[in-house]
Amino acid sequence: MLGALLRAARSPLSTGWRPRALLRPAEAWGRACGPRGLRPIPAAGCCCWRCGVAPEPPGFFCPSCQALQPPDRRLDYFQLLGLPRRFPLDPGRLREAHRRLQRALHPDNFGRSSEVERRYSELQSALLNEAFAALLRPLSRGLYLLALELPDEPPAGAEAEAEADPALLGAVLELNERLAEAESQADVRRVAASVEARLRQLEEKVALAFEQGRPRDARPLLRRMKYWNSIGDRVKERLLPR
């Protein structure tokens, strides 16, 4: 049981988001996703592929000819969605930003456009979905923000299993046993309430660490969030109608 919890907490899947590239996400698209048989994706800060005018970030469309542009490799996920780079984030605002940009950039809008723009719309739309998934949940958002703030340090959760807090593991195991022994939905909901309370406390501490310019202090907090997130996902599965 302990080994399973450790593996789940350390897995990228426990965040609900699998990063294509943890830092500078659009760089991966620029390297790997240039349109086949077409010109390569221009470098960040380059001019419009059609008319030569230099777009301003986020630069989805050329200000002169209105041609759709490739993903801007200079932008992080927050900048891409036009959101402040901080841990506290209004989910409603995130969803609205994602919907607004998808309405403009979705491939369905470019069915009659050039092959270049059709391919760029696929890249832009996919990157928007990846950014949305990364920023939606507090844990994946915190891990992404930590990587942006500390680009030269290993990602949170890469520490050895031996460094895990015994008290934390004991608390997680206790709730996991309560979940396994739960005989009714009411029992499961009580476990869910305990997990949600722990996660709220950790989210408040993570937010404070980032806001006060102490990103390294967020690292152990995010590691704890991984464990609670893992059991939280198990609780949600138990609450699903069968």
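Modeller: Helices here are DSSP runs of H or I with at least four residues, strands are runs of E with at least two, and both are numbered from the N terminus. This is a predicted model: local features need pLDDT of at least 70 and side-chain atom pairs count only at pLDDT 80 or more, while totals for chains, interfaces and linings use all residues. Residues are numbered from 1 along each chain as its sequence is written, and side-chain values use heavy atoms, with hydrogens and water left out.

Colleague: How many helices and strands does the chain have?

Modeller: Reading from the N terminus, the elements run α-α-α-α-α-α-α-α-α. That gives nine helices and zero strands.

Colleague: In which element is confidence lowest?

Modeller: pLDDT is the predictor's confidence in each residue, from 0 to 100. The chain averages 82, and 77% of the residues score at least 70. Over residues 12–38, though, pLDDT stays under 50. Confidence is highest in helix 4 (residues 91–105), at 97, and the lowest mean, 39, belongs to helix 2 (residues 25–32).

Colleague: Among contacts between residues at least 6 apart in sequence, what share joins residues at least 24 apart?

Modeller: A contact means heavy atoms within 4.5 Å. Of the contacts in the chain that link residues at least 6 apart, the share joining residues at least 24 apart is 67%.

Colleague: Why is helix 6 said to be largely enclosed, and how many of its residues are buried?

Modeller: Buried means under 20% relative accessible area, exposed means over 50%, and partly exposed lies in between (1.4 Å probe, protein chains only). Across the 242 residues of the chain, 43% count as buried. In helix 6 the buried residues include Leu139, Arg141, Tyr144 and Leu148. Helix 6 is largely enclosed by the rest of the structure because its buried residues number 10 of the 12.

Colleague: What is the distance between the end C-alpha atoms of helix 6?

Modeller: The expected span of a helix is 1.5 Å times one less than its number of residues. Helix 6 has 12 residues (138–149), so it should span 16 Å. The model agrees, with its end C-alpha atoms apart by 16 Å.

Colleague: Which residues does leucine 136 touch, leaving out those up to four places away in sequence?

Modeller: Leucine 136 lies in helix 5 (residues 115–136) and is partly exposed, with a relative accessible area of 26%. Its C-alpha is 9.7 Å from that of glycine 92, 44 residues away in sequence. Beyond four places in sequence, leucine 136 touches Leu94, Arg95 and Arg141.

Colleague: What is the volume of the largest pocket?

Modeller: Rolling a probe the size of a water molecule over the atoms shows where empty space is left. On a 1 Å grid over the protein atoms alone, a cavity is a set of points where a 1.4 Å probe fits but cannot get out, a pocket is an open set with protein on both sides within 12 Å along at least five of seven lines, and lining residues have an atom within 4 Å of a point. Grid points are joined across faces, edges and corners, and a volume is the space filled by probe spheres set on the points. For the largest pocket, that comes to about 280 Å³.

Colleague: Which residues are the closest to the centre of the largest pocket?

Modeller: Helix 6, helix 8 (185–211) and helix 9 (215–239) are the elements that give two or more residues to its lining. Out of 15 lining residues, the closest to the centre are Arg137, Glu196, Leu199, Asn229 and Lys236.

Colleague: Is lysine 236 buried or exposed?

Modeller: Lysine 236 lies in helix 9, and its C-alpha is 9.0 Å from that of valine 188, 48 residues away in sequence. With a relative accessible area of 51%, lysine 236 is exposed.

Colleague: Where is aspartate 108?

Modeller: Aspartate 108 counts as exposed, at 66% relative accessibility. Its C-alpha is separated by 8.9 Å from that of arginine 118, 10 residues along the chain. The place of aspartate 108 is in the loop between helix 4 and helix 5.

Colleague: What is the phi of glutamine 66?

Modeller: Glutamine 66 lies in the loop between helix 2 and helix 3 and is partly exposed, with a relative accessible area of 48%. Although glutamine 66 is not a glycine, its phi is positive, at about 65°.
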